[in-house]
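Let me put the structure up and we'll walk through a couple of spots.

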Amino acid sequence: MRLLLPLILLVIGVYGLDNGLGRTPPMGWMSWTAFYCEIDCQKHPTGCINEQLYKDMADQLVSGGYDKLGYKSVHIDDCWSEMERDSNGVLVANKTRFPSGMKTLAKYMHDRGLKFGIYEDYGTKTCGGYPGSYKHERTDAQTFAAWDVDYLKLDGCNIDQAMMPIGYPLFEKELNATGRPIMYSCSWPAYLIDHPELVNYHLIGKYCNTWRNFDDINSSWKSIISIISYYDKNQDKHIPTHGPGRWHDPDMLVIGNKGITLDMSISQFTVWCIWSAPLIMSNDLRIIGDEFKGVLQNKEAIRINQDPLGIMGRLIKNSTDIATYVKQITPSKGDKKSFAFALLNRNEKKGYERVEILLSAIGLTDPAGYYIHDIWAHVDLGLLRPSDSIIVNIAPAGSSFFRADVASIHQPIGRRRYKLDNSNVVYEFEKSQAQFERPDLSDYLRTNRVPF
């Protein structure tokens with residue numbers, strides 16, 4: 001089989017991904033981590049996999065204002081179908097839990113301005129034991145198109161790993177052949193965790209809009225940190241293969257779920273945004289607390305996530321507990337670059353960590369300086385030069401997140417706002433500004449160190 005794979009890939013590879021989708025990271029809601037494969041609707045009437053669950057979440061996306069911020073899709077995960085195909089080999093939605101059928105459910109989403117996502121598996125069966133797509137690729141692609149599906153997550157249970165370089169490109173070809181734009185999410189590399197030498201993201205990116213590549217997330221800090229550690233370790237492989245139309249997917253946002261604190265929520269959202277990762281929530285939007293909703297709806301963080309450059313942020317400094325990430329964003333022109341940067345405290349048990357950030361030490365070296373904005377405190381820090389520092393006190397399992405617009409091509413609109421009630425951020429700059437020919441002291445507070 002290994003000898004045949006290069007030839008097969010060459011034949012399939014002529015098609016390539018040609019759907020024009022996913023130019024920014026997808027945003028939406030998916031059921032798996034919050035509701036898994038719960039199918040007992042008598043025992044769990046509001047928490048089982050049925051059409052009402054997805055209608056409820058669609059309604060919450062709209063009534064809660066999530067859709068206005070970019071959360072535009074509702075995704076069904078595993079356990080939605082009957083246990084067998086019909087007499088023509090076509091997938092059938094479970095008749096008890098989805099009595100209206102998938103096309104009607106898709107219309108429900110579209111009538112509200114949302115997209116409709118569905119789940120399948122390339123194997124003989126899905127991970128939950130439902131019919132898989134192996135040897136039904138064309139039929140299933142045509143079925144999803146007929147149901148007006150907008151997004152397909154194709155899992156990889158119950159199939160020989162050696163078949164994945166054949167099956168995932170083949171399914172992409174069949175999706176393209178339907179003529180319906182369907183965003184394509186692959187689990188291909190996630191099943192090769194133990195064989196990293198077989199993972200070629202340049203190849204995967206030719207066929208998939210987004211792909212999972214590590215363990216499923218669960219609602220715990222241990223799970224979040226394990227994903228972050230994996231991505232940190234593999235960033236040199238991830239960053240060059242990540243961008244518009246092809247996104248590494250570290251899995252769902254578990255913000256608002258039991259076991260996830262507010263600081264953990266801020267940290268997951270910060271890192272996912274600095275990575276330009278898909279923002280797919282998996283929680284119960286009907287009961288989510290306002291503080292967690294505020295994290296998910298932070299417009300400034302979302303703006304960084306959705307930045308059109310689509311660059312994955314890089315871990316540039318690392319200590320036992322503290323990780324520092326930097327990501328180029330717009331506006332940028334030539335060597336005049338703007339950035340987002342973040343600090344993550346991985347330790348959930350110790351106290352606050354005090355960290356000093358010298359701008360030049362993290363690559364912010366433009367002599368004109370940068371207009372700095374604190375994403376979570378919603379504070380404008382004003383114009384800082386490369387020799388200036390920010391000092392942050394980061395909560396256990398917490399993060400700090402900043403935007404740095406390069407001053408040489410960005411001028412803030414109106415008067416800068418200074419807010420003096422954020423005790424966790426300290427704004428510090430050099431005592432002497434004599435090195436600058438015409439120092440603009442109006443953008444500086446007049447003391448050397450002032451708590452914000």
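So, start with these contacts, meaning heavy atoms within 4.5 Å: from α3, Glu 51, Tyr 54, Lys 55, Ala 58 and Asp 59 touch Leu 105, Tyr 108 and Met 109 of α4. By class, that contact has five nonpolar, three charged and no polar residues. Here Ala, Val, Leu, Ile, Met, Phe, Trp, Tyr, Cys and Pro count as nonpolar, Asp, Glu, Lys and Arg as charged, and the others, Gly among them, as polar.

Before I go on: this is a predicted model, where local features need pLDDT of at least 70, side-chain atom pairs need 80 or more, and totals for chains, interfaces and linings use all residues. Numbering starts from 1 along each chain as its sequence is written, and side-chain values use heavy atoms, without hydrogens and water.

Back to the helices. How do the axes of α3 and α4 cross? Helix α3 is residues 51-63, helix α4 is 102-111, and their axes come within 10 Å, crossing at roughly 10 degrees. Angles under 35 degrees count as roughly parallel, so α3 is roughly parallel to α4.

Now the sheet. This one is open, with eight strands in the order β7-β6-β5-β4-β3-β2-β1-β8 and parallel pairing; two strands pair if DSSP finds at least two bridges between them. At the edges sit β7 (247-249) and β8 (279-281), each pairing on one side only. Zooming in, β1 (residues 27-30) and β2 (residues 73-75) run parallel, joined by three bridges. Gly 28, for example, has Ser 73 in β2 as its bridge partner.

Methods: Axes fitted to C-alpha atoms, helices over the stretch in contact; angles between N-to-C directions. Helix = DSSP H or I, 4+ residues; strand = E, 2+ residues; numbered from the N terminus. Parallel < 35°, antiparallel > 145°, perpendicular 65-115°, else oblique.
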